[in-house]
Amino acid sequence: MKITAKKLKEYKLQNKKISLLTAYDYSTAKIFDEAGLDGILIGDSLGQVILGYNSTVKVSMNEMKIFTSAVARGVKNALVIADMPFLSYQANISDAVLNAGELIKCGADAVKIEGGSKYIAETVKRLTESGIPVMAHLGFTPQFINTIGGHVVSGKNLDTTLEILKQAQELENAGAFALVLEMVPTESAEYISQNLSIPTIGIGAGSKCDGQILVSDDVLGKFKDFCPKFARKYANLAQVLEDSAKNYIEDVRNGSFPNENESFRLKDEEKEKLENYKNN
Ligand code: KIV
């Protein structure tokens, strides 16, 4: 059954925890969808884990469109959410609506935008009124890395927790259907979650959020450059990939690949013709 943005809000009322992961390609998205995830985010984290950039700010709309289309083609049931990349929504609201619309045309069911200023709330309102569901994102917001100055935990005291809650409530009032809370202490995230009617989706925000999201390359143990403390590794794909490549190299070098079953053969009649040709 197709999960909608509205359904995630119902899950909060039913106390049903929401599970999301990022994905960036067709085959992974298909496997994740069949596994039963509620939502799949084409995160701009693809800048680091897929494209090798050193931050998310380098990701372009064109790149997001390519990966969003690929993921959407693999998904039947999960809610497909596309991240709006840096500067695709900050400059003005018309740009935001047009760029979000492009991602919806690529197959996304909703978009995610970072930040909590008054201006962002206005953008959320306009996108929602245009028929585009918006997931908001507060706490640590990677697109602000150059102003924040590093990966820092937000909401570490009462004042900053209340500030995040205020922004979250503004975003909820503007129409956001869910809120990602990144790198926020458990107690602060719990208080924020209790005071919103939309679900909070935590990443490094403890167990009291209404749902959880992680970057799939961290979960699968594929991205070797850096793994945040809050990510749980469910597999070691980096090792699987390395071992597979090493075994393949060895098999090619020692001639054991390809074998008979992995090859095509001429029919006897054609083989004979070829032999005669070679001998004349
Ligand atoms: O880009 C991303 O992957 C995100 C996270 C919330 C996982 O924004």
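1. A polar side-chain atom of Ser45 lies 2.5 Å from an oxygen atom of the ligand. The corresponding distance for a polar side-chain atom of Asp44 is 3.0 Å, and an N or O atom in the side chain of Asp83 is 3.1 Å from a ligand oxygen. Of the 250 Å² of accessible area that the ligand has on its own (Shrake-Rupley method, 1.4 Å probe), the protein covers 96%.

2. The model is predicted: local features need pLDDT of at least 70, side-chain atom pairs count only at pLDDT 80 or more, and totals for chains, interfaces and linings use all residues. Residues are numbered from 1 along each chain as its sequence is written, and side-chain values use heavy atoms, with hydrogens and water left out.

3. The residues surrounding the ligand (a heavy atom within 4 Å) include Thr22, Leu41, Lys112, His137 and Val215. This shell divides into four nonpolar, four polar and three charged residues, with Ala, Val, Leu, Ile, Met, Phe, Trp, Tyr, Cys and Pro counted as nonpolar, Asp, Glu, Lys and Arg as charged, and the others, Gly among them, as polar.

4. The chain is divided into domain 1 (5-235) and domain 2 (240-279), with bounds from an automatic or database domain assignment. Their C-alpha centres lie 47 Å apart.

5. Which peptide bond is cis? The one that joins Phe257 and Pro258, with omega about -5°. Pro258 lies in the loop between helix 11 (237-254) and helix 12 (268-279); helices (H or I, at least four residues) and strands (E, at least two) are DSSP runs, numbered from the N terminus.

6. Asn15, in the loop between helix 1 (5-13) and strand 1 (18-22), has a positive phi near 60°. Most residues other than glycine have a negative phi, and most peptide bonds are trans.

Methods: A polar contact is a pair of N or O atoms within 3.5 Å; within protein, one must be able to donate a hydrogen and the other to accept it, and residues adjacent in sequence count only if both atoms are side-chain atoms.
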